[in-house]
Amino acid sequence: MRLWKGLYMNAYENVTNAMPRVRGVLLAYNTNVDGLKYLETNDLEERIERVGRERVFELVEKPPGRIRNLEELFAGILWSITHGKAAEWFVESDEVREYLMEWGWDELRMGGQAGIMANLLGGVYRVPVVVHVPQNTETQAGLFMDGPIYVPRFYDSAFELVHPREAVEDGEDLIHYIYEFPRGFRVFEVEAPRENRFIANADDYNARVYMRREFREHFKKIAERVDLAIISGLHVLKERYSDGSTYRDVLDRVASQLRVLNRLGVKSHFEFAYTASEAVREGIIEMLGNFTSVGLNEVELASVMEIVGDSTLAEEVLNGDLFATIDAMNLLMDETGIERIHFHTYGHYMALTRYRGEHVRDALLFAALAAAAKAMHGNLERLPQVRDALSVPTNERAFPLVEALEREMDMENGIVDMTDRQLAFVPTKIVASPKSTVGIGDTISSSAILGEFARTL
Ligand code: 8BR
Ligand code: GLC
């Protein structure tokens, strides 16, 4: 498939040439510290034996979805390994938090969608970004790369944007303990069917989508500095909190900020993440029409279909059925009125848009290069790393899907023209032994929306 090689090269050039046109991107709300640990079989088995192997295995069958003791912590880790699936549970016990801190990490990294995108867009792509950082402690601030990355600071009514390292404050380190394992990783009789991670989330701020005062009181001044906003972090919302407030209070605040963005003509992208609560998911779907764009993976699209479609369609999406996935994207667009839906899965991405143009496909190709570079290096530091990903082979397993789309929908060069919509499809680059997987989804979605948007300026 020589075609894709040429398309990939052009896409890289087109997108990187256009990026300097972007004046600013707002990234909110979740920024935290990720403590990454690459699991080791012996260490993990010993720890599980110590808390009681039998009990832990029982809990894997009935996953509690939160962590109140060590048995639940290890059940979460084992559940992820057994299924090869990502999961994120809250740590509700101080004792477990202490244990996690002592167990430690191999590497501290920027975490949270907003934080990860800030380093990518500002630090690697050099596009100015304003980022929401709930607790800008020394550890947190130290994880920001150099570059045009800013947090707002207000003095009375005066306002300035400074790099997070110039705005360090006292506060709590919001640590998410990330346990990464490779495909084939073994613990006792369990073997991981694919690489993934389990997250033990010990963070009381992002859990409630904490919004800093500057963002609540001066949002308009911040919004005036940007032409694109990427919103994330709502997936962790609970239906009700102990002080009587609910997820609705948070969604209302987000909706009012969205109105400000829309009035100012700022384009907005919502980055979906797996949202356990159905009520919260429904609340988010109701708001989607006020965004320009949404990004999601197969698990997330299926979970949305449970609400706007039916469980059969959800199941088909989850099983990777291409045409069912396209139906689901169309249905989501019908139901919400949103202009752009970007779907990513292992091996290919699609974008359904209410407008046309090769820039949509090019942005997906650029995003696939960024994802491959991220998988290869764990942390992206320089734009040439993205360029180097051109040498990673294009995923041949997606070629039958390309042929099916060419046959059934007259796709040409990755683009399907529909009466009032366009579908772009790209086979991606897959790195054989990825360093880690956390943050790749964020890299894909933010690179694609930025890459596409830059070319419209
Ligand atoms: P989510 O976390 O939103 O699911 O995004 C993860 C994405 O990372 C997948 O959809 C897939 O496209 C990409 N990815 C994974 Br996982 N492993 C990869 C690899 N080894 N090379 C390139 N992309 C990968
Ligand atoms: C979630 C996690 C965070 C991680 C991010 C990566 O937001 O809470 O720790 O960095 O996902 O996508």
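In this predicted model, ligand 2 is surrounded by 14 residues, of which Asp34, Glu88, Gly112, His176 and Asp442 are the closest; a residue counts as near a molecule if one of its heavy atoms lies within 4 Å of it. By class, this shell holds four nonpolar, seven polar and three charged residues. Here Ala, Val, Leu, Ile, Met, Phe, Trp, Tyr, Cys and Pro count as nonpolar, Asp, Glu, Lys and Arg as charged, and the others, Gly among them, as polar.

Residues are numbered from 1 along each chain as its sequence is written, while chains are lettered from A and ligands numbered from 1 in the order in which they are written. Local features need pLDDT of at least 70 and side-chain atom pairs count only at pLDDT 80 or more, whereas totals for chains, interfaces and linings use all residues, and side-chain values use heavy atoms, with hydrogens and water left out.

The polar contacts of both ligands are collected below; a polar contact is a pair of N or O atoms within 3.5 Å, and within protein one atom must be able to donate a hydrogen and the other to accept it, with residues adjacent in sequence counted only if both atoms are side-chain atoms.

| Ligand | Residue and part | Distance to a ligand oxygen atom |
|---|---|---|
| Ligand 2 | Asp34, side chain | 2.5 Å |
| Ligand 2 | Glu88, side chain | 2.7 Å |
| Ligand 2 | Gly112, backbone | 2.9 Å |
| Ligand 1 | Asn297, side chain | 2.8 Å |
| Ligand 1 | His344, side chain | 2.8 Å |
| Ligand 1 | Gly441, backbone | 3.5 Å |

Ligand 1 taken alone exposes 510 Å², and the protein buries 90% of that. For ligand 2 the area exposed alone is 310 Å², of which the protein buries 94%. These accessible areas come from the Shrake-Rupley method with a 1.4 Å probe; for residues, only the protein chains shown count as cover.

The shell around ligand 2 draws at least two residues from each of β2, α6 (113-124) and β9. Helices (H or I, at least four residues) and strands (E, at least two) are DSSP runs, numbered from the N terminus. Strand β2 (residues 32-38) has six of its seven residues buried, that is, under 20% relative accessible area, with over 50% termed exposed and values in between partly exposed (1.4 Å probe, protein chains only). Five bridges join β2 to the antiparallel strand β5 (residues 107-111), where Arg109 is the bridge partner of Asp34. β2 also pairs in the parallel sense with β9 (residues 175-181) over six bridges; pairing requires at least two bridges found by DSSP. In β9, Ile175 is the bridge partner of Val33.

Around ligand 1 there are 15 residues, and Asn297, His344, Thr345, Val431 and Ile440 come nearest. Its shell comprises eight nonpolar, four polar and three charged residues. The largest share, three residues, comes from α18. Strand β16 pairs in the parallel sense with β15 (residues 293-297) over five bridges, and Ile341 in β16 is the bridge partner of Val294.

Both strands belong to an open sheet of eleven strands with mixed pairing, in the order β8-β7-β6-β1-β13-β14-β15-β16-β17-β19-β18. β8 (158-162) and β18 (415-417) stand at the edges with a single partner strand each, so one side of each lacks a neighbour in the sheet.

Thr336 lies in helix α14 (residues 322-336) and is buried, with a relative accessible area of 15%. Its side chain reaches the backbone oxygen of Leu332 at 2.7 Å, and a polar atom of the Thr336 side chain lies 3.3 Å from the backbone nitrogen of Ile338.
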